[in-house]
Amino acid sequence: MGDRHLIPTKSNCGQTNTDDDIGDPYSQATDYLLDLLVSLNPHLVADVGCGDAGVTFDVAQVLPYDTTLYAIDHDPTVFDPPFGEHTRAHCTITTLVQEVNELTLPTEVDVLFCRFLLLNLATPLAAVERMRQWVRPSGHLVLMEPITSTGRVEGHPLSVGTDEIANPDIGLRLCELLAAVGVSEPSIAAFTPVGLGGSLAGRYLAAMTGVDPDPASFVSLPTLVLACGQLQ
Ligand SMILES: C[S@@+](CC[C@H](N)C(=O)[O-])C[C@H]1O[C@@H](n2cnc3c(N)ncnc32)[C@H](O)[C@@H]1O
């Protein structure tokens, strides 16, 4: 199995939903996140480690016009071209170039979320502690991260370049991380795209790894976990 990345990392950030030729096998997970965010009825939202083509614009499309979405990334190049040039957004997007461990928002937010961020960090708890500081009391912290090692083709584990990923199975630790910042009963959901070799899951695997699975092979992509906790 190839060693190129099957999930978004520093080097292939945003590829789950930008390559329209392939489609996004994680769209069910994205839809769940969007529904969750809308249901929380927030006015101030932060997307930390937003990247250049992640869920930021999807979120901006479903939030009402009077919502402000802070899009934060430590890499200034993700905002080139400027997010303002994307016209699909409904709500106001304010971009900030910041390191998560030094996160400093203009104000506390109602909801702060990150997706495919913690897997890249050497000290994910430090990041969660910092993010937690910027969520208002009774606000929500939403973490969406993979369990990379669950990927399989015909029962065989996938090699997905985990050497470059600090925490490939961080999805297993989301409840632990939320508990460490005072969230005792988070809601949890998990998404595992599956299909035969010719399905969306198989085509995504081929596009991301360069390995074309046999049409009859059962493909199971890495599980993506979402954990949402309300702060005290
Ligand atoms: C794999 S991409 C995910 C992008 C988007 N959240 C998504 O779901 O598609 C990870 C992003 O986190 C950013 N990032 C990584 N470490 C960071 C840190 N310490 N502080 C802020 N952003 C960081 C990277 O620059 C990158 O844009």
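Modeller: Two residues are in contact if their C-beta atoms, placed from the backbone, lie within 7 Å. This is a predicted model, in which local features need pLDDT of at least 70 and side-chain atom pairs count only at pLDDT 80 or more, while totals for chains, interfaces and linings use all residues. Residues are numbered from 1 along each chain as its sequence is written.

Biologist: What share of the contacts with a separation of 6 or more comes from residues 24 or more positions apart?

Modeller: In the protein chain, that share is 74%. Val48, for instance, leaving aside its neighbours within four places in sequence, is in contact with Ile72, Val100, Leu103, Leu112, Cys114, Leu117 and Met131.

Biologist: What makes a set of residues a nonpolar core?

Modeller: Its members are buried Ala, Val, Leu, Ile, Met, Phe, Trp, Tyr and Cys residues joined through C-beta atoms within 7 Å, where buried means that 20 or more other C-beta atoms lie within 10 Å of a residue's own. The largest such core has 61 residues, and Val45, Val48, Val109, Leu112, Met131 and Leu143 have the most contacts inside it. Its largest share, six residues, comes from strand 5 (residues 135-147), strands being DSSP runs of E with at least two residues and helices runs of H or I with at least four, numbered from the N terminus.

Biologist: Why are the buried residues of helix 5 said to lie on the same side?

Modeller: In helix 5 (residues 200-209), Ala201, Gly202, Tyr204, Leu205, Met208 and Thr209 are buried. They are placed on the same side of helix 5 because they cover an arc of only 160 degrees around the axis, the arc being that of the directions from the helix axis to the C-beta atoms. These buried residues pack against strand 9 (194-196) and strand 10 (218-220).

Definitions and conventions:
A residue is buried if 20 or more other C-beta atoms lie within 10 Å of its own, exposed if 12 or fewer, and partly exposed in between; C-beta atoms are placed from the backbone.
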